[in-house]
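Please consult the sequence and the structure while reading.

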Amino acid sequence: MLTVRDLRVSVENKEIIKGLSLEVKPGEVHAIMGLNGAGKSTLANTIAGRDDYEMTAGSIEFDGKDISELEPHERVGEGLFLGFQYPVEIPGVSNLNFMRTALNSVRRYRGEEDMSAAEFMKLVRTKAAELKMDLEMLKRFVNVGFSGGEKKRNEMVQMAVLNPKLAVLDETDSGLDIDALKVVADGINAQRKNDTAILLITHYQRLLNYVQPDVVHVMIDGKIIKSGGKELAAELEEKGYADVA
Amino acid sequence: MPELIKSTYRDQAASLSGTLAGLDSLRDKAIDRFAETGFPTARDENWRYSDIKRLRGQAFAAAQIQSDARIPDAICTTAARLVIINGHFDQERSDFGDLLQAISVRPLANHLMANSERANELRVGREATSVLNTALMRDGLVLVVPAGVEIDDPIEIIHIMHDAENAAAQVRHLVELGEGAKATILERFIGDDSAYWMNSVVQARVAEGAALNHYRMQMDGSQAIHTANAAVSVGAGGNYSACNVSLGASLARFDAQVRLLVDGANATIDGVALAASRQSHDMLVHVDHRMPSTNSDQVFRTVADALGKSSFQGKITVADGAQQTLADQSFKALLLDRTAEANAKPELEIFADDVKCSHGATIGELDAKAMFYLMSRGIDPTTARQMLVEAFTDDALARIDNAAIADALRNQIKGWMMAHVPNTSGKDAA
């Protein structure tokens, strides 16, 4: 699904990712754990195609296709989704309009017809209900006036509507209380049932109590220094990064 | 300024002598004043952002009556469609609907013919363009809405300029709303590519408890100069609500002077300007709070593309004793290119101590974070930019209470975005 080889990435001429390789197979859940500054978010943003992240070496293959030259929206068309650590507030754009434009953009990219307004509403209603998101919130402007938890819930609804092949979730669990954390976990687990592969980027082990990863990676200073099963997360929690590394 | 221009306008004023009953002495006064001052320069504070070389460099002829101009389709259900071509009211091509059963609509000439004393109610004006309008006015409409009469559908006044190279239209409209009356005026301005000058003055009086909505859709031709002045007074509990959407002309100015004369008078003055390459849009507002408990609110949003310019000068004055005044002003400009320009000059003069007045002005680019967020959901950069610009301009359209007009304005803005936001990659956007 996702194959990253010898990736090097610079931000403002400073190398952040220093030779990273990663392979995620369809339906797998991988967790990348690491301290602040390890380059986790840089990895997520690079995979999503953010333009101030400069790939200086290596390759990113998605579903057998080199996506490193694709624009962010084209990568979404290919089936990628990025969940934000800090979802952006967009005054003046309603959530529903945003999601419908997004979904139809993706469908057009794939050569499919637009989804009708009625069909779309049905889809959103179902997904919002599954994730316990109040439909009224979807009528409001994108993330404006949302609490931290509501923003993350909104990310999960967007993910469910777009139904990606791979979701990269960048610290989606940060700053959440336990209820919100469960919502995010539910969103991830529901998506998992649809065979979506998931790359969870996280600081803490606690989300992994609700989402069982297939593989855990430890990232330090722009590299993955260790990979293992879910027990690696527990080990990290117990011993700290220094000892595991 | 060349004397030849002044003498040409003096001759034009003289040739109009006797055409509008009771107006000659006002014309004389105006042309004398114009001869004294001429057109302003960039050193004049109110004109510092407007390049009026063309007005200073040539005398415009009086635009002639035209009958073959195409009248644009209506954008909403209207109470009446009143057509003005090259500054001349075209009764034949106007559609009064049932309006005359409820209110009085007359050409300026008939209004003054009926009572020449009423010429005294016409203002000479402050700015040179308004003063010249007084000296050279030929035609216009006088709308009188009697007390208590409410006209739901907008009264559309369509100004068309056609085949008017180097010619000017000097239009003067008067709008009077009696106590408790309600009306919506939709002014539209369109024109061909001739290098004309549309100079319009609207005088409006909103009596106690009356409500006037004044929407303007300025889409003059690409070579045109558009200058407009709205001089409005509002009585107790009355409300004046304006929205000026400026898309056309090479130089466009909209100058609103609103006086809140009695306790409880309200005004909202909003606007959107979209400046494409080498276009300059100026919006000037002066809200004068004369009495206590008067409210005003302004929301202006402008977008300027490469080599485009948008400027806003907003003045709020609160007279001594005008306590409990609430006045707010918000101006935001979006620059789509490094060569785009925006100017903001808020000005508050407050002589009362128990008031709440605020203003904010920001000039910026599209939010790169928001762009990436939209693109990270599959939305292409062109659509993403359009969504953000529409969201931005929508702030200034929020008070339009006629959905069809608001939609029509949104569509014009969308059309402008399609034409002026090229299919650039997200890399340029960020």
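Among contacts in chain B between residues at least 6 apart in sequence, what percentage joins residues at least 24 apart? The share is 84%, where contact means heavy atoms within 4.5 Å. The model is predicted: local features need pLDDT of at least 70 and side-chain atom pairs count only at pLDDT 80 or more, whereas totals for chains, interfaces and linings use all residues. Residues are numbered from 1 along each chain as its sequence is written, chains are lettered from A in the order in which they are written, and side-chain values use heavy atoms, leaving out hydrogens and water.

**Fold and dimensions**
- Chain B contains 10 helices and 20 strands, which are DSSP runs (helices H or I, at least four residues; strands E, at least two).
- The C-alpha atoms of chain B occupy a box of roughly 65 × 50 × 45 Å along the principal axes.

**Burial and surface**
- In chain B, 59% of the 430 residues count as buried, meaning under 20% relative accessible area with a 1.4 Å probe, protein chains only.
- Chain B exposes about 16000 Å², of which carbon and sulfur atoms supply 47%; accessible areas come from the Shrake-Rupley method with a 1.4 Å probe.

**Contact with chain A**
- The contact involves 20 residues of chain B and 30 residues of chain A.
- Phe372(B), Tyr373(B) and Arg377(B) supply 40% of the area that chain B buries against chain A, more than any other three residues; buried area is the accessible area (1.4 Å probe) that two parts lose on being put together, summed over both.
- Together, chain B and chain A bury about 2000 Å², with 69% of it on carbon and sulfur atoms.

Technical notes: Buried means under 20% relative accessible area, exposed over 50%, partly exposed in between (1.4 Å probe, protein chains only).
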